[in-house]
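The following exercises are to be worked through with the sequence and the three-dimensional model at hand. Each task is followed by a solution in steps.

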Amino acid sequence: MRTVRPSVRRGAWAAALAVLAAGLLTPLPSARAAVTPRIDLKVLVVNDGSSPVEAIASELDAEGVPYTEVDLNSGSRPAVTAAFLSDKVGTTPRAKYQAVVLPNEAPANLTAAELTALQTFERTFAIRQVNASTWAHPGVGLNYAAAPGYIGTLDGVTATATPQGRAADLRYLDGPVGFEDADKSYSESYGYLATPLAGANFTTLVGAPIPGTGQTGSLMGVYSHDGREELVLTFVYNEYQEQFQYLAHGIISWMTRGIHLGYERNYFSAHIDDVFLEDLRWSKDGDCTPGDNCNVQLDPNVQPYTPPILMNTADVDYLKAWQARTGMPLDVTYNGDGVATAPQLAAKFTADKASFRWLNHTWSHPYLGCVQDFSALPWQCATNSTGTIQYASKATISTEIKKNTDWATANGVKIDRTELVTGEHSGLKTLPQMVVDNPNLGPALTERGIKYIASDASREKEQRTIGSALTVPRYPMNIFYNVATEAEEMDEYNWIYTSRANGGSGICEDNPATTTCIAPQSTVTGFRDYIVPIEVRIALRHVLGNDPRPHYAHQSNLAEDRILYPVLDGVIDRFSAAYASNSPLLHPTMKESSDVMQRASRWKTYQNSITAYVVGTTVTVQNNAGSPVSVPITTPEGTKVLGLLGLPAGAFGTAYAGERSAYQQVGWLGTLKLGLPSGAGYPVPATAKAPATSTTVKAGEKKLPTLRESAAIGPFRTGEITGSWTSR
């Protein structure tokens, strides 16, 4: 045996050395051959403050793509020169940026010399340029849109990702790209539909029918000319609009040739609070909720009175069937104390316990902040004789957590004991009454080993530490806890959002900066026609925004009319209609949501300590930090991790959206190398000379207004994941 092993080792090394020697013995390139340049993985964003450029920058931020911003409105901005854009590392030419984002093809605040420097840089290093929003004209490879074409609003238009788009950087889309039409009272989108100029090398990636012509006009396409490539978008948008969110990742993939730092997924999770407990019911007569804010005792003999809301066994069957149909689990956020008064419901849930994901919502749902004083409304924090605020004790909080986990253990219900949702997110600071956290909350969480505690994303969108736990912000869905029917939801909605003159509370009048008054909606049709579209649109923005924060509603919304399902179905259906099967919707647990946010937060902290670049088909990532860094990386399908002597050591990352991506750990002062598939990477372009060109505005044309000018901007809008996620 001792004589065999050394020969095997010698054989392996001989094979490896032969590969190396083959490379070393390859004839040297001639002096006339182009040198393969180094392309740094960072984007240059030239920003004039317009909404389209801001939208692209927001997507770079959301995915974690490094970029340098040049503010065209700043008098102290750097000049865009050849030295600003490139240099040499040793004898290797280096492009400091892998892509360029401009407001349009010729921004007003860039000098002619700066524009020439950019164009020369792009030709020299095969760098792609994005024109964030422009008008249709020959200078961008399109005919004028006056005729045959279209200029005007695009609200409600269904555009289509073309076969050429879906075969490349829009491979994650199925085809339809809907333009929002949320408000009929004003134009939300404006743009140009035009056909490619005869003889121009223009490829439409997203188009829409030109009215009255039977032709397709481009909304997003690639204009290749003069040794350069420009992505031409001929519509205005902001970061919150669906049409941009559908296309945003494709824009980044195109400009970076699918090779960049950063990571993108689509997440959608929903927690159902108060399972086993009755929820109070809104009174349409009293315009209040008895037992909460009616200031009357909860008694059938005292008006107004409304019966409480509780799921029944049929609702559990419906939930189970809905999960099976959609592939989306809803997290059952339970309170064990309710079992005693809802034995049939509890028996049904526990009989089907393996069908659900479970979350600890405390034993009896007490308020775990300060002691509440209801002697007046709104309530206040109770104080002792010295004026000190009284809080729920550490023992109370700890017992509430333990009793609920004990119930799960006794009933064979699988939970993650490190996750917790307190009633009303209580214990955490909540203005106006609770200006600080309950000082007993942190110690209680530590005692019970809680690592993740839910918070309200509408109050605190970012994570923070309390005791042993990190907060996990949850988005509240505007499906109220105290309603079970469509009529009840619409009645309460009307009360909150209509003026006093229209029979409402006037809250919208008193808080014009945060709330807009609406016309009263029908309690028969208003829920489906008005509320559901709004809630679907809001939740879908989170889904399309690389945002893992969960949403939450209440068990009351799964009872009676089951009003939560139209919203959930709306989000899933809209997503499924637009996205291909290579981009499944992910449903992280609370812990997994936190892990995604933490990984993105750490990347933001250490991003400037990472050097990443591509030379030919090799990506190099160097960690210059004093500790290991988990680096988000996205590459084309077929990318391999390179090991000893640069030999492939296995596939890189996980497949998603037709790409390979992962958060890859790079050790302290370590280096990671990836091998791109043949044909990927940055080509070494032939030298090209730019002709002198000019473009004039044709009579009857007008340049594209900014989104702010067109009044379309609205007051709307964290990688490789371990664990068993459910996806559809």
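**Exercise 1. A disulfide and its loop**

How far apart are the sulfur atoms of Cys-288 and Cys-294? Determine also the handedness of the bond.

Solution. The model examined here is a predicted one.

Step 1. The two sulfur atoms, of Cys-288 and Cys-294, lie 1.8 Å apart, and the pair forms a disulfide. The cut-off for a disulfide is a pair of cysteine sulfur atoms within 2.5 Å.

Step 2. About the S-S bond of Cys-288 and Cys-294 the torsion is about 100 degrees, so this disulfide is right-handed.

Step 3. Over the whole structure, a search finds 3 disulfides.

Step 4. Asp-287 has a phi near 50 degrees, which is a positive value in a residue other than glycine. Asp-287 belongs to the loop between strand E16 (270-275) and H7.

**Exercise 2. Helices H7 and H8**

Describe how helix H7 (residues 313-326) is placed against helix H8 (residues 343-351).

Solution. 

Step 1. The axes of H7 and H8 come within 9 Å and cross at roughly 25 degrees.

Step 2. Angles under 35 degrees count as roughly parallel. H7 and H8 are therefore roughly parallel to each other.

Step 3. The crossing in which H7 passes H8 is right-handed.

Step 4. On the H7 side the contact is made by Thr-313, Val-316, Asp-317 and Leu-319, and they meet Gln-344, Leu-345, Lys-348 and Phe-349 of H8. By class, the residues of this contact of H7 with H8 are 4 nonpolar, 2 polar and 2 charged.

**Exercise 3. Two partners of helix H13**

Compare the angles at which helix H11 (residues 486-497) and helix H6 (residues 242-256) pack against H13.

Solution. 

Step 1. H11 packs with helix H13 (residues 526-544) at an angle of about 65 degrees, and their axes are 10 Å apart. That makes H11 roughly perpendicular to H13.

Step 2. The crossing of H11 and H13 is left-handed.

Step 3. In H11, the residues Glu-486, Glu-489, Met-490 and Tyr-493 touch H13, where their counterparts include Phe-527, Tyr-530, Ile-531 and Ile-534. The contact of H11 with H13 comprises 6 nonpolar, 1 polar and 3 charged residues.

Step 4. H6 packs with H13 at an angle of about 15 degrees, with the axes 10 Å apart. That makes H6 roughly parallel to H13.

Step 5. H6 and H13 form a left-handed crossing.

Step 6. Glu-242, Gln-245 and Tyr-246 of H6 meet Arg-537, Leu-540, Arg-541 and Leu-544 of H13. This contact of H6 with H13 divides into 3 nonpolar, 1 polar and 3 charged residues.

**Exercise 4. The sheet of 4 strands**

In what order do the 4 strands of the open sheet that contains E29 follow one another?

Solution. 

Step 1. The order is E15-E29-E33-E32, and the pairing is antiparallel.

Step 2. Strand E15 (260-261) and strand E32 (654-656) are the edge strands, each of which pairs on one side only.

Step 3. Ser-630 stands opposite Gln-665 in E33.

Step 4. Helix H15 (residues 590-606) lies across E15, E29 and E33 and runs at about 95 degrees to E29.

**Exercise 5. A cis peptide bond**

Which residues does a cis peptide bond with omega of about 10 degrees join?

Solution. 

Step 1. This cis peptide bond joins Leu-431 and Pro-432.

Step 2. Pro-432 is placed in the loop between strand E21 (419-420) and helix H10 (441-447).

How values were computed: Residues are numbered from 1 along each chain as its sequence is written. This is a predicted model: local features need pLDDT of at least 70, side-chain atom pairs count only at pLDDT 80 or more; totals for chains, interfaces and linings use all residues. Side-chain values use heavy atoms; hydrogens and water are left out. Axes are lines fitted to C-alpha atoms, for helices over the stretch in contact, and angles run from 0 to 180 degrees between N-to-C directions. Helices (H or I, at least four residues) and strands (E, at least two) are DSSP runs, numbered from the N terminus. Angles under 35 degrees count as roughly parallel, over 145 as roughly antiparallel, 65 to 115 as roughly perpendicular and the rest as oblique. A crossing is left-handed if the near helix is turned anticlockwise from the far one by less than a right angle, and right-handed if clockwise. Contact means heavy atoms within 4.5 Å. Ala, Val, Leu, Ile, Met, Phe, Trp, Tyr, Cys and Pro count as nonpolar, Asp, Glu, Lys and Arg as charged, and the others, Gly among them, as polar. Two strands pair if DSSP finds at least two bridges between them.
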